[in-house]
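Dear colleague,

Please find below the structure that I am handing over to you. My findings follow it.

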Amino acid sequence: MMRVLYGVSPADIPSMDTDRLRGEFLVEDLFAVGEIRFVYTHVDRMILGGAVPAGGTLSFGGGADVGTELFFTAREMGIANLGGAGTVIVDGETFAVANRDVVYVGRGTREVVFASDDAASPARFYMNSVPAGADIASRLITRAQSKPLTLGEDARSNKRTLRMYIHPEVTPSCLLLMGITDPAPNNIWNTMPPHLHERRMEAYCYFDLADEDRVVHLMGRPDSTRHLMVADGNAVLSPAWSIHMGAGTGPYAFVWGMTGENQAYTDVDPVAVKDLK
């Protein structure tokens with residue numbers, strides 16, 4: 001199942017009501033038990049996906065929806081497990097994937113198969129796929145193999161640990177970057193200060209939220225900000241022209257994925273909080 005989002009200009013934002021804003025930038029229905037779901041966005045042609053195998057396997061690999069023989073004829077992918085333990089089988093190679101592990105799937109792959117170790121506590125696989133121009137071997141990156149960075153400070157409620165998984169300093173890819181960020185206990189802000197990166201887009205999947213909690217995700221141009229109320233398992237698209245930062249009403253984490261002209265994580269244009277409107 002794949003639906004399409006076409007992307008919008010920042011000039012369209014002032015005329016959008018809440019429903020339209022959510023429809024264009026928020027993905028609320030990626031994770032359904034026993035299904036694979038995809039959203040194709042024309043924002044740098046990133047595909048978001050969710051798979052929750054329970055009581056059997058789920059698989060994909062055909063390229064009809066992307067106009068090629070195989071899904072991976074000209075694409076790569078990162079798969080983060082946000083649920084119980086499971087397996088990802090890539091062209092017959094089996095990866096045991098624990099919570100917070102990530103699998104990189106390289107261009108040319110023919111089939112990906114998902115399974116959960118326990119149907120009562122299923123894996124929850126979140127996917128980011130982008131166009132790729134190089135063949136790079138698939139591999140598992142465990143949480144222990146990721147590269148952590150500690151950012152922010154308690155005094156400003158924005159201390160957090162950012163873990164790089166698919167990144168030149170950890171494992172190679174063509175254009176995809178992927179990682180997971182956890183605010184420290186009693187800290188609520190992420191991605192502080194806000195910034196723009198003209199040469200890359202980004203997508204977020206917020207997870208590990210309680211049912212009653214939300215993340216207030218701020219977006220839009222620096223001089224005309226908007227917000228989205230984001231629940232557990234929701235994903236947000238962040239075009240290059242939009243700022244991004246958020247605050248949670250309770251504990252949360254998020255997966256970030258990026259693609260664009262480069263993989264330079266520091267290629268950003270910070271925006272001072274005092275300049276936001």
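Predicted model: local features only at pLDDT ≥ 70, side-chain atom pairs only at ≥ 80, totals over all residues.

Residues are numbered from 1 along each chain as its sequence is written, and side-chain values use heavy atoms, with hydrogens and water left out.

A pocket here is an open set of points on a 1 Å grid over the protein atoms alone, where a 1.4 Å probe fits, with protein on both sides within 12 Å along at least five of seven lines; lining residues have an atom within 4 Å of a point. The largest pocket holds about 390 Å³ of space, and 25 residues line it. Nearest its centre lie L151, L162, H195, Y265 and V268. Strands β13 (147-151), β14 (160-166), β18 (200-207) and β23 (253-260) each give two or more residues to this lining; strands are DSSP runs of E with at least two residues, and helices are runs of H or I with at least four. The lining comprises 14 nonpolar, seven polar and four charged residues.

The second largest pocket has a volume of about 150 Å³. Its lining includes P183, I188 and Y252, and divides into six nonpolar, three polar and no charged residues.

In helix α1 (residues 18-25), L21, E24 and F25 are buried (under 20% relative accessible area, 1.4 Å probe, protein chains only). Seen down the helix axis, the buried residues of α1 fall within an arc of 80°, so they line one face.

Yours sincerely

Notes:
Buried < 20%, exposed > 50% of the residue type's maximum accessible area, 1.4 Å probe, protein only. Arc of directions from axis to C-beta. Points joined across faces, edges and corners; volume = space filled by probe spheres on them. Nonpolar A, V, L, I, M, F, W, Y, C, P; charged D, E, K, R; others polar.
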